[in-house]
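Welcome to my notebook. I went through one structure piece by piece and jotted down what I looked up.

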Amino acid sequence: MPAPLRLQGIPASVGYAEGPLFDLDRPPVAYAGKASSAEELKSLKAAIGKAVSRLVAMVETADSDAAGILEFHIAMLEDDALSGPAFASIASGHSADAAWRQALDAEIAGYEASDQDYFRARATDLLDIRDQVLRALTDDGEHAVPAGAILYGEDIAPTRFLQIDWSAGGGIALKAGSTASHVAMLARSRGVPMVVGLGALPAGLAGPALLDAEHGSIVVDPSPMEIASFRESLSAFAARQGDARSFLTRPALTKAGTAVRVQVNIAYPTDVDGIDIATCDGVGLMRTEFLFGKTLPDEETQYRAYRKVLEWAGEKPVTIRTVDAGGDKPVPGFTIQEGNPFLGLRGIRLSLARLDIFRVQIRALLRAAPHGNLKVMFPMIATAEEYERSAALFAEEQAALAARGIMQKMPPLGIMVEVPSVAIAPEAFAGVAFFSIGSNDLTQYVMAAARDNAGVAHLNSVRHPAVLRLIGSVAAFGRENGIPVSLCGDAGGDPASIPVLIEAGLRDLSVAPAQLATAKAAISDVAV
Ligand code: PEP
Ligand code: MG
């Protein structure tokens with residue numbers, strides 16, 4: 001029996017899987033060339049058509065997140081800018097497969113060279129599109145993935161993920177990958193365990209494996225003892241999940257009876273479709289930068305998106321954050337290329353530099369406000385002046401809307417506390433309506449460890465005393481000055497961090513919808 005191989009990566013979607021390994025990177029079936037360029041061209045066009053039809057069929061059964069990705073792929077495949085260079089290369093004598101591969105590889109290389117996580121993640125979409133057409137050319141449909149297998153390889157494309165039947169279990173173990181990719185988002189929403197950043201997995205691995213996507217590890221060819229302890233962790237995890245579900249509909253209380261408000265974080269207005277408003281205390285963070293994804297949304301599009309969420313929440317609060325573009329969230333036509341984007345023109349800095357875009361969002365928010373219990377907050381605030389300028393813009397736009405007789409309302413205006421300058425000297429912000437601690441960024445800036453860099457992930461802990469001390473002092477400042485303080489970073493949904501956050505004085509957390517039940521369960525275990 002081979003010795004067990006253990007590797008450590010980063011959890012991208014929590015859960016456990018035990019099963020055979022399946023190599024995602026096995027070479028595809030070879031393409032048989034045609035006699036003439038005309039036939040090669042016909043064959044490539046037919047393969048693109050076949051790939052589009054397969055995607056259209058998948059859209060019909062996909063949920064809204066998945067359908068969005070598939071429609072993006074269809075649009076790319078139908079775009080002449082992508083296929084044109086391949087057609088030209090066939091005309092100059094290349095075979096259909098070589099021409100397509102060459103054209104797509106050139107595009108992919110451009111995205112991969114980007115120093116921004118978002119663009120590198122889009123390279124995976126292009127790789128997927130490339131391989132779908134190559135598979136259609138050779139008629140090599142989806143390779144049979146054994147039920148319950150753990151798929152391992154460099155990365156996995158979203159469409160490949162969607163073609164797999166996950167009902168029998170299974171998981172994903174990636175050498176590279178990113179927790180911010182589309183496929184990681186899909187894995188989290190479908191509950192498929194996934195670990196990324198495992199580094200150099202030896203090629204041609206086979207055999208049984210144990211994937212622990214709660215702690216981010218994989219063991220290949222495990223010993224009987226490892227199997228037994230893995231199964232214990234798995235059943236403890238399953239029991240925790242089962243118990244947690246019973247907390248979903250109840251208000252969150254600690255052992256001592258302290259009430260903790262638990263709200264949800266969302267990104268798209270459709271995110272609320274699957275959530276029962278009775279299970280949460282409102283929306284603690286709506287990230288609007290994803291609405292700004294590929295094209296800048298106009299005032300009407302934004303107004304409708306905000307109004308939908310406000311109407312869903314009824315009387316409960318909805319905290320919408322003005323666009324936090326930049327950093328790892330570039331928006332074409334808005335953000336700029338920078339050497340060090342996390343420390344650059346990001347969040348409120350960018351909005352204040354592009355008032356044409358910011359004013360559109362402000363108007364949409366002011367018009368949406370009468371439709372519910374809206375609160376608005378500004379991201380990446382570092383100085384009081386940024387808050388004051390932003391609040392003044394709200395007042396100006398409100399006056400202009402009122403002068404035109406348009407229905408509007410001024411919402412309470414608060415700030416994210418995610419830049420250390422604010423957490424260290426909050427007294428400059430005594431006039432804001434509320435604070436929301438962004439522990440993702442606060443941690444990366446306090447620890448000088450980029451949040452998207454697997455190499456420094458060990459430093460990136462909200463539980464470091466320096467980060468916790470800052471959080472505690474912001475909570476105390478809020479209490480003493482009557483300013484509500486919540487936390488909307490990922491730590492709020494992490495059962496391991498919840499006790500220390502509550503001990504630090506927080507009584508208001510906002511978590512990913514999939515973490516609502518486990519967060520409430522973890523709160524019930526806290527002593528204070
Ligand atoms: C944070 O920084 O904790 C936060 C909630 O904002 P984002 O993750 O969108 O940067
Ligand atoms: Mg942030």
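**Entry 1: the model.** Before anything else, I noted that this is a predicted model.

**Entry 2: around ligand 1.** I began with the neighbours of ligand 1. There are 15 residues around the ligand, and Arg287, Arg321, Lys329, Asn440 and Arg451 come nearest. Then I looked up some polar distances. In the side chain of Arg321, an N or O atom is 2.8 Å from an oxygen atom of ligand 1. For Asp441, a polar side-chain atom lies 2.9 Å from a ligand oxygen. Gly438 takes part through its backbone, where an N or O atom lies 3.4 Å from an oxygen atom of ligand 1.

How much of ligand 1 does the protein bury? Taken alone, the ligand exposes 290 Å², and the protein buries 99% of that. I also checked the space it takes, and that space is the largest cavity. Which elements give two or more residues to the shell around ligand 1? They are β11 and α14. The largest share, three residues, comes from α14, and that sent me to this helix next.

**Entry 3: helix α14.** This helix runs over residues 439-447 and is mostly covered, with eight of its nine residues buried.

**Entry 4: Thr319.** I found Thr319 in strand β12, residues 317-321. Is Thr319 buried or exposed? Its relative accessibility is 3%, so Thr319 counts as buried. Leaving aside neighbours within four places in sequence, Thr319 is in contact with Val283, Gly284, Leu285 and Met286, as well as Lys375, Met377 and Phe434.

**Entry 5: Glu300.** My last stop was Glu300, in helix α9, residues 299-313. Glu300 counts as partly exposed because its relative accessibility is 35%. I also looked up how far Glu300 is from Gly216, which is 84 residues away along the chain: their C-alpha atoms are separated by 43 Å.

Notes. Residues numbered from 1 in each chain as written. Chains lettered and ligands numbered in written order. Predicted model: local features only at pLDDT ≥ 70, side-chain atom pairs only at ≥ 80, totals over all residues. Heavy atoms only, no water. Buried < 20%, exposed > 50% of the residue type's maximum accessible area, 1.4 Å probe, protein only. Helix = DSSP H or I, 4+ residues; strand = E, 2+ residues; numbered from the N terminus. Near = heavy atom within 4 Å. Polar contact = N/O pair within 3.5 Å; in protein donor to acceptor, adjacent residues only side chain to side chain. Areas by Shrake-Rupley, 256 points an atom, 1.4 Å probe, with all protein chains shown as cover. 1 Å grid on protein atoms, 1.4 Å probe; cavity = no way out; pocket = protein on both sides within 12 Å on 5 of 7 lines; lining within 4 Å. Sits in = over half its atoms within 2 Å of the grid points. Contact = heavy atoms within 4.5 Å.
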